[in-house]
Every structure is written in structure tokens, then in C-alpha cells.
Amino acid sequence: MIRLDKRPQPSRLWAAVTPLVAVVLTMLAGGALFAFLGKNPVEAIRTIFWDPVFGEFAWYYRGQLLVKAGPLILIAIGLSLGFRAGIWNIGAEGQYIVGAICGAGVGLAFYPAEGWYIFPLMVIAGALGGFVWAMIPAILKTRFNTNEILVSLLLVYVAEQLLASMSLGLLRNPEGAGFPGSRNLKQYEAASNPELFAGTGMHWGVVAAFLAVILAYVLLNRHMLGFQIRLTGQSPRAARFAGVRPNLLIVVCLGASGALAGLAGLFEVSGPAGQISIDFNSGYGFTAIIVAFLGRLHPVGILLAGLLLALTFIGGEAAQANMQLPASAIQAFQGMLLFFLLAVDVLANYRFRLKKREAA
Amino acid sequence: MDLSAINPAVLIASLMVAATPILLAALGELVVEKSGVLNLGVEGMMITGAVCGYAVAVSTGSPALGFVGAALGGALMSMVFGILTQYFMSNQVATGLALTLFGLGLSALIGQGYLQLRPPPVGEVNFGPLADIPALGTIFFQHDAMVYLSLALVGAVWAFLKFSRWGLILRAVGESHDAAHALGYKVIHVRLMAIAFGGACAGLGGAYLSLIRVPQWTEGMTAGAGWIALAIVVFASWKPVWILVGAYLFGGITVLQLNLQAAGAMFPLAAIGWILVGLGLIDALVQHFSGKNPSILRIVFDICLVALGIFGTWWVHGTLVPFKIEYLSMSPYLITILVLVIMSSGRGRAALSAPAALGKPFHASS
């Protein structure tokens with residue numbers, strides 16, 4: 001009989017290895033899933049994980065990698081701060097939408113003025129929008145002790161309705177012949193977020209994502225606040241004795257993740273997406289949860305995990321086009337990854353022991 | 001606007017239909033949480049149930065088999081959660097989220113071949129002449145079997161938790177797993193059974209959406225119903241009868257807003273002004289009766305609020321604007337949040353009635 005013994009401290013070796021184990025297991029299980037769908041599993045896995053980086057059309061896909069990874073990393077960095085302290089913001093999708101609406105709204109308000117100050121103002125508005133949207137669960141939590149998981153998630157649906165209302169009403173392109181959706185910001189130079197180096201996919205959002213990784217690393221390892229976040233996550237009781245103010249921490253963690261998600265939305269709407277439209281959001285806010293866990297809530301880990309999940313997005317699109325693999329297969333695949341990750345986590349926290357069955 | 005077109009009896013009957021999916025899912029989650037497990041994957045299990053029930057019903061032509069398939073599908077999904085959290089000691093919040101994300105993807109994958117089909121119709125239960133009673137007949141005797149089953153299930157869960165020995169064990173496990181373990185109860189087995197029941201109920205709720213309420217399969221069709229079910233468990237303070245109240249209240253809001261959308265109701269802008277006035281006055285009264293010295297800033301704020309409200313009411317006096325569909329569609333989610341806030345404030349009332357071991361992992365160390 002197998003028995004589990006709790007390790008006195010999580011194994012650092014296993015903690016580093018388990019994400020890789022989970023990825024390999026997901027590839028195996030995903031291959032089985034694709035085989036079940038009647039596709040060649042080896043070809044499907046190669047189309048998703050190999051071809052976008054090393055295949056024939058890699059020159060196109062490599063640029064897409066940063067475009068997709070930017071928002072994922074930016075959002076996941078914010079989420080990881082809260083997750084470490086046991087503060088569960090799972091409504092990043094909503095904060096992403098509201099950030100995009102606010103940022104684009106500011107940009108469109110200036111149309112057709114030109115000026116260097118327009119884009120920075122949009123960035124501030126985007127961050128503020130996400131911040132304010134995240135403050136709703138934060139304040140309800142600190143003032144009324146309301147569960148932040150449910151509130152932040154329910155606000156995603158509210159934000160989606162708000163997005164629909166904005167793209168049909170207030171922000172609709174007046175020259176768009178009545179079609180839903182705003183003016184295209186790509187055609188409005190002062191408010192656009194273009195590719196910085198042609199072919200790389202690098203835009204200001206990706207720059208912000210890298211900056212966020214560095215800042216989060218410094219914060220968590222060198223700053224008192226980061227210490228308090230880690231302490232609260234490991235032992236809330238000890239943290240209270242050490243003088244951590246839990247309410248302040250809730251506001252800071254939710255606010256930071258909201259602002260980062262809002263930034264991600266702003267950079268997306270002014271760059272790759274170009275306009276506010278009804279189906280503007282594409283699930284980055286939810287996938288970022290997987291990114292945060294796969295990266296073990298560590299800034300550098302999140303950077304790598306964000307690139308990997310961006311790869312599954314791109315590879316998924318390629319597999320959709322080349323192999324007629326349904327789009328939802330990738331979503332199931334990403335969910336599976338999180339399952340395996342959580343399952344193999346047991347290796348880091350527990351030790352397996354083979355033991356003979358004793359007489360009770 | 002013609003609100004008289006809305007027939008109260010029909011409204012109540014349709015709110016019962018609108019509430020049934022959430023009632024079923026919330027009831028299942030109640031049992032799970034009573035055993036001390038927080039399963040945030042209700043949404044994922046619901047949508048899996050929706051697609052499983054739909055696929056089975058379409059291919060066999062029998063809605064009853066569809067519901068059985070949905071319950072099995074939901075229970076199977078919940079077992080992934082159960083094994084991960086109970087045997088692999090994974091974090092319950094994260095695993096529940098994973099269940100939702102995975103369920104949304106998997107259901108879309110299964111549902112691929114069923115997008116344009118229509119499910120076999122589900123008939124009403126035949127009550128004979130009872131159904132012809134005006135008003136009462138419409139409300140009580142013209143529903144499909146699942147509505148009555150869900151109501152019976154509320155009673156069954158209530159009686160099970162309150163009177164049966166197994167119910168006592170389940171509650172003991174949820175209040176203190178260490179004590180239950182010391183008494184010789186199999187904590188993990190009890191919890192796994194509760195999780196499976198919760199999954200089956202969520203599956204049934206999902207299938208009710210795809211087979212009866214909508215009835216069609218579309219990707220992501222649960223649209224947050226699972227999350228609302230989770231909120232209703234908090235609203236009900238973990239009491240089965242209050243689950244019924246919560247679910248029907250929510251069903252009422254949903255039906256009402258749909259009716260307002262259909263009737264093209266107009267919204268008097270002046271109402272916003274009156275709300276501002278009301279808020280200002282209430283806050284002033286709270287200040288007055290709280291016994292503390294009111295702060296000048298707060299009073300100035302209240303006066304401004306009232307003045308702004310009165311001015312606004314005068315400014316837009318008599319202006320009617322059509323309700324925007326998007327804002328009406330927001331209302332169920334916003335009201336759920338509002339209800340959550342009311343229930344959880346006031347010295348943490350909701351927290352007091354929550355099972356003591358809710359969300360805590362159990363690992364028998366010896």
C-alpha cells in the first residue's frame with residue numbers, strides 16, 4: 001500500500017521539476033484526446049508545440065508568440081501576487097475588458113487630435129480602469145467581508161455586458177455604417193500601439209510585461225511588502241502577529257492585479273486588436289490563471305509559462321487551420337494542463353512511501 | 001410600455017423554470033460544502049452535464065436518459081476534482097477553477113457535432129383537471145417532471161441532513177474532520193460521495209438548461225449560472241430551504257428582466273435622482289442614530305448628494321429612456337453581488353454558519 005508522508009518543507013527540486021512533468025503528462029493525455037478525435041496525435045502535438053517555433057512558417061508565428069504572451073504574462077504577474085497571499089482574484093478577464101474600454105475611451109475622446117501625450121494618457125486610463133474594477137471586490141471584501149472569488153468572477157459577466165453596450169452605443173464608430181465596434185485605433189497614430197521592431201511582435205504591452213516581471217521579482221525578494229505577501233500566504237496567523245495589515249494587503253494585491261490586467265487590455269485594444277468590439281476579449285484573463293500556477297507564482301516561472309501557453313494558443317490556431325482540430329480542443333488542453341500541474345504538486349509537498357498493510 | 005401584458009401567474013410559473021437549474025446546482029453544492037469541501041467547479045460540471053444530457057437525449061431520443069447521462073457526466077467530472085483534492089491534496093480553490101476551465105473546453109469539444117440539432121421535447125406532467133384551475137393550475141400543475149424532482153430533492157436533502165444518521169456523519173466531517181476521523185469515520189470516502197452527489201446535481205441543472213429551458217446546445221451556455229449557484233449557497237447560510245428561496249428569488253429577477261426587455265420598458269431618468277436623494281437621507285439618518293459625533297465632511301457629502309438628486313430630478317423631469325438590453329442583462333449578476341454583500345456583512349453572519357472545516361484539506365497523519 002502506498003502512503004503519503006508530509007514533507008516538513010516542500011522539496012525545492014520537485015517544485016522546479018513538477019511543471020515540466022505536468023507539461024509532458026499533458027502532452028501525452030492531449031495526444032490521447034486528439035487520437036480519440038481521429039487525428040494523428042504525434043502530428044497534432046508537433047503542430048502545436050514544434051512548428052510555430054521551428055517549422056516552415058516560424059517567421060510568422062514567432063512574432064505572434066510575443067503578441068500572445070505579453071498580456072498573459074502581464075495579467076499573470078498581477079494574479080500571482082494575490083494568489084501567494086491567498087487572495088483570489090479570478091475576475092482578471094473583467095478588469096482586462098474595463099481597462100480596454102477606459103483606455104480606448106480616452107483615446108477616442110481626443111480623436112482626431114495629434115499629440116505625444118495621448119497614448120500615455122490612455123495607458124494611465126487603462127490601468128485606472130482595471131484598478132477601479134478590481135477595487136469593487138477589494139472594498140466589498142475589506143468592508144463587508146464578502147467573498148472576493150465570487151464577486152470578482154461575477155463582475156466578468158457585468159464587464160462583458162458593458163463591453164457589448166459600449167461597442168453598440170457610446171464608443172461605436174460614427175463612420176462605421178452602423179456596425180458595432182469602435183474606430184480602429186491602428187489608423188489613429190497618436191493612440192496606437194504599433195509593433196516596435198517589425199516582425200518581432202514586440203509592442204509596448206510586451207515591454208510592460210517584461211518590466212512587470214522584473215518589478216515583481218524585486219518586490220517579492222527585496223521589499224517588505226513582498227515579504228508580507230509571502231508570509232501571509234504561508235501563515236496568515238503569523239503574519240498578523242508580525243504586524244501585517246490584512247485589509248491593506250487585499251487592497252494592494254487586488255489593485256495591482258486589476259491595474260496590470262487593465263494595462264493588458266489597453267495594450268491589446270490599441271495594438272493587436274485595434275478596436276473595441278463585442279467579442280474583443282478572448283479569455284486571456286482566465287488563461288492567465290493557468291500561467292500563474294504553471295509558473296509556480298514566481299516571476300521568472302511566469303515568464304516561461306506565459307510563452308508556453310502563448311505557444312498553445314498559436315499552435316492551436318495552426319492545428320485548427322491545418323488539421324481541422326476544433327478550437328475548443330485547445331481550451332480543454334489548457335484546462336488539462338492545470339489539472340496535471342495540481343496533481344503532480346503532491347510530489348513537492350509529500351513523500352511517497354511503500355508500506356505493507358498492517359493488521360488494523 | 002405595457003406592463004399589464006405580463007401575467008403574474010405565467011411570471012411565477014416561468015420563474016420556477018428559470019430557477020430550476022440553479023436550484024439543482026446549488027443544492028448539490030450545499031451538500032458538498034456541508035461535508036467541508038469547497039468545489040468552485042460548479043460551472044464546469046454544469047456545462048458538462050448540459051452537453052452530456054443533450055448528446056444522450058438527441059442520440060437516444062429520450063430526455064429521461066439524457067438527464068441520467070447528464071448526472072453521470074457531472075459526477076464523473078466531479079470525481080476528477082475529488083481525486084485531486086482528496087488523494088493528491090491539491091488546493092481546492094485552484095482545482096475548482098481548473099474544473100471550470102476544463103469543463104468549458106471539454107463541453108465545447110463534445111458539443112461540436114450537436115450544434116444545429118433540437119432535443120426531443122419534454123412534456124408536462126399530467127395532473128388532469130388540476131392543471132385547468134385558473135392561476136394555481138398554471139403555477140403548480142403545468143410543469144415538467146424535473147421541476148417537481150428538484151422540489152422533492154430540496155425536501156430530501158433537508159431531511160437527510162437533519163434527521164438521518166448519514167446526514168449527521170456528513171455534517172460532522174464538515175465541521176471537524178479530525179474529530180470525525182478519530183471516531184472512525186472515513187472522512188475521504190464521505191467527502192468523495194458528497195462531491196459525486198454535487199457533481200450529479202450540477203449535471204442535472206446543466207441538462208435542464210440545454211434540454212428544457214433553452215432548449216438547444218450553445219458553447220458556454222451556462223453563462224455564470226454555476227457561479228450564481230455558489231453565491232446562493234452563501235445567501236442560504238448553508239440551509240436547504242433557503243436555497244429554494246434564493247434560487248426562486250434569482251429566477252424571479254431573471255424572468256422579470258427578460259420580460260422588461262421584451263416589453264421594451266422605459267426607464268424614468270428621474271428615478272436616478274430619487275435614488276441619490278434616498279441614499280443621502282439614509283446616510284444622514286444612520287449618522288444621526290449611530291450615537292457618534294457626525295463628521296462635518298460626511299454631512300456636507302450628504303447635503304451635496306440630496307441637492308444633486310433634487311436638481312437632477314428637476315433637470316430630467318419626465319424624460320423616459322428605453323432600458324438598454326445590456327444593462328438589464330447585467331442585473332442578475334449585480335443583484336447576486338448585492339445579496340452576497342448583505343448576507344456576509346453584519347459581523348460575518350455568513351461566516352458563522354459556514355461549516356467549520358470548509359476548504360481545509362484533510363490528511364490523516366497517522
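Two residues are in contact here if their C-beta atoms, placed from the backbone, lie within 7 Å. With that in hand, let us walk through the two chains. This is a predicted model, in which local features need pLDDT of at least 70, side-chain atom pairs count only at pLDDT 80 or more, and totals for chains, interfaces and linings use all residues. Residues are numbered from 1 along each chain as its sequence is written, while chains are lettered from A and ligands numbered from 1 in the order in which they are written.

**The two chains**

In chain B, residues 24 or more positions apart account for 81% of the contacts with a separation of 6 or more. For chain A, 79% of the contacts between residues at least 6 apart in sequence join residues at least 24 apart. Chain B has 15 helices and two strands, and chain A has 14 helices and two strands; helices (H or I, at least four residues) and strands (E, at least two) are DSSP runs, numbered from the N terminus.

Burial is a matter of counting neighbours: a residue is buried if 20 or more other C-beta atoms lie within 10 Å of its own, exposed if 12 or fewer, and partly exposed in between, with C-beta atoms placed from the backbone.

| Chain | Residues | Buried share |
|---|---|---|
| Chain A | 360 residues | 52% buried |
| Chain B | 366 residues | 45% buried |

Along the principal axes, the C-alpha atoms of chain A fill a box of roughly 80 × 55 × 35 Å, and those of chain B a box of roughly 65 × 55 × 40 Å. A compact globule of 360 residues would have a radius of gyration near 21 Å, and the 22 Å of chain A agrees with that. The radius is taken over C-alpha atoms, and the globule rule is 2.2 Å times the number of residues to the power 0.38.

**Helix H1 of chain A**

Helix H1 (residues 12–36) of chain A has 25 residues, which at 1.5 Å a residue should span 36 Å; its end C-alpha atoms are 37 Å apart, in agreement. The expected span is 1.5 Å times one less than the number of residues. H1(A) bends by about 35° at Thr18(A), and a proline, Pro19(A), follows within four residues. The bend is the angle between axes fitted to the seven residues ending at a position and the seven starting there. Buried residues of H1(A) include Thr18(A), Pro19(A), Ala22(A) and Phe34(A). The buried residues of this helix pack against helix H2 (41–49), helix H12 (284–294) and helix H14 (327–349) of chain A. Just after H1(A), Gly38(A) takes a positive phi of about 85°.

**Where the chains meet**

In the interface, 43 residues of chain B are in contact with 37 residues of chain A. Helices H3 (63–86), H4 (92–111), H10 (225–235) and H14 (325–344) of chain B each supply at least two residues of the side that touches chain A. H4(B) gives the most to that side, with 12 residues.

**Two loops of chain B**

Most residues other than glycine have a negative phi. Ala223(B), in the loop between helix H9 (187–213) and H10 of chain B, has a positive phi of about 45°. Ser237(B), in the loop between H10 and helix H11 (240–263) of chain B, also has a positive phi, near 45°. Ala223(B) is partly exposed, with 17 other C-beta atoms within 10 Å, and Ser237(B) counts as partly exposed with 16 C-beta neighbours inside 10 Å.
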